[in-house]
Amino acid sequence: MTWSVDPDIALASTLDHAFYRDEATHALARERIFARTWQWLGSLDDVAAPQSLSPRDLLPGILDEPLLLARDEKGELRCMSNVCTHRGNILVKAPCKSGQIRCGYHSRRFDLSGHMTFMPEFADARNFPSPRDDLPQVPFAVWGGQGFAALDPALPFADLFGDMMARVDFLPLERFRHDATRDHDYVINAHWALYVENYLEGFHIPFVHAALNEAVDYGSYASELFRASSLQLALAKPDAPAFDLPAGAADNGQRVAAYYWFVFPNLMLNFYPWGLSLNLVMPEAIDRTRVAFRSFILDETRLDAGAGAGLHQVEMEDEAIVQAVQRGVSSRLYRGGRYSPTRERGVHHFHRLLCEFMARSP
């Protein structure tokens, strides 16, 4: 099955409904989209000190790849496989401090760069050890105190994050602090792409989000498209809270209520005057999606005002719509629709990226 969307949004039709219904397509997306893109690993606070180890699961529910963050005695942080190269045991099961990585199954040992240093009862093995006995290294990047990894990246990290990093460089990300009391995971009975599509357009705000519509100026709501990301810039209404932008900021002179950044294929970084709401979309099945909400606070006094307030209510409203759309795209009578050239540029861009990645060879 091939997928295509016309590059001209004024002529284009949306993805065929089979994308949301075909199990083989869903399985192929795991390898061609998720295994080839950068994924969020979380905060790096637990690997700040030398000789720190922290196991991470890369995209639970669809990739489920066991990874390990290791900071060596010189302070260098690496990402590598958390699977022993002998018989496949998981090496590190909880964050800890250690000068080495030791397998609890047969005592194979590795240094903190992933190089195998010791293996008992292998004196008679020929051509041993070899590079394949070392732990595979995983492409890794750090931004704003957060870690990102990609098993086999089709694009460099800068192609996905560079535009955002430049646009919000006025924010003191080093002062953002994770507030675990605000963590929440939502399970939606819908295809993961439907959830993303809903996020990527403000078209529905006046019809679905009454409170949010009071905070943002729908008339000026605009989408900006980049190589593998997009920005929805929401300006505040005259009496609603907005960023205090410094003179050097790209949007200085505008009353910005929120920066809604999307990084392909499944990461949402929502910057508000109070801080950051990070949302990671994790497919669990073709018709079930888990969305992790994580909050990083800069200014607690601004938490309950403007576009960044009432996020749980906004989520409930979005879930109701997305689950209704899930039922609709499952209809035998629905084949696909058209895009609003003024309001659905982000959705069109997302669909074009889906087609691009689905066409790539494994």
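Residues are numbered from 1 along each chain as its sequence is written, and side-chain values use heavy atoms, with hydrogens and water left out. Because the model is predicted, local features need pLDDT of at least 70 and side-chain atom pairs count only at pLDDT 80 or more, whereas totals for chains, interfaces and linings use all residues.

Helices (H or I, at least four residues) and strands (E, at least two) are DSSP runs, numbered from the N terminus. Two strands pair if DSSP finds at least two bridges between them. Strands S6, S7 and S8 form an open sheet in that order, with antiparallel pairing. Its edge strands are S6 (101-102) and S8 (116-118), each of which pairs on one side only. Two bridges connect S6 with S7 (residues 109-110) in the antiparallel sense, and Arg102 stands opposite Arg109 in S7.

Further along the chain, S15 (256-263) and S16 (residues 267-272) run antiparallel and are joined by five bridges. A hairpin through three residues links S15 to S16, and Phe262 has Met268 in S16 as its bridge partner. S16 is also joined to S17 (residues 275-285) by six bridges, again in an antiparallel arrangement. The hairpin formed by S16 and S17 has two residues between the strands; here Phe271 has Leu276 in S17 as its bridge partner.

Burial is described by relative accessible area: buried means under 20%, exposed over 50%, and partly exposed in between (1.4 Å probe, protein chains only). In S16, six of the six residues are buried. In a regular strand the side chains alternate between the two faces of the sheet. Both faces of S16 are covered, with Leu267, Leu269 and Phe271 buried on one side and Met268, Asn270 and Tyr272 buried on the other. Helix H3 (residues 192-199) is largely enclosed by the rest of the structure, because eight of its eight residues are buried. Among them are Trp192, Tyr195, Glu197 and Asn198. By contrast, Gly248, in the loop between S14 and S15, is exposed, with a relative accessible area of 74%. Its C-alpha atom is separated by 22 Å from that of Ser223, 25 residues apart along the chain.

A nonpolar core is a set of buried Ala, Val, Leu, Ile, Met, Phe, Trp, Tyr and Cys residues joined through side-chain atoms within 4.5 Å. The largest such core has 105 residues, and Trp143, Phe161, Tyr259, Leu269 and Phe271 have the most contacts inside it. S15 supplies the largest share of this core, eight residues. Apart from it lies another core of 14 residues, including Leu53, Phe110, Leu112 and Leu135. With contact taken as heavy atoms within 4.5 Å, and neighbours within four places in sequence left aside, the contacts of Trp143 include Phe148, Phe161, Leu269 and Phe271.

Aromatic rings of Phe, Tyr and Trp (its six-membered ring) pair if their centres lie within 6.5 Å; planes under 30 degrees apart count as stacked, over 60 as edge-to-face and the rest as tilted. The whole structure holds 20 aromatic pairs. In one of them, Phe243 and Tyr259 are edge-to-face, at 5.4 Å centre to centre and with 65° between the planes. Phe243 lies in the loop between S14 (229-235) and S15, and Tyr259 in S15, so the pair ties together parts that are 16 residues apart in sequence. Phe243 is buried at 10% relative accessible area, and Tyr259 is buried at 0%. The pair of Tyr260 and Tyr272 is edge-to-face, because the ring centres are 6.0 Å apart and the planes lie at 80°. Tyr260 is in S15 and Tyr272 in S16, so this pair ties together parts that are twelve residues apart in sequence. One aromatic cluster is formed by Phe34, Trp192, Phe262, Phe264, Phe350 and Phe357.

His348 is placed in helix H7 (residues 345-358) and counts as buried, at 8% relative accessibility. A polar atom of the His348 side chain lies 2.7 Å from the backbone oxygen of Asp6. Not counting residues up to four places away in sequence, His348 touches Val5, Asp6, Pro7, Asp8, Ile9, Ala12 and Tyr339.

Definitions and conventions. Polar contact = N/O pair within 3.5 Å; in protein donor to acceptor, adjacent residues only side chain to side chain.
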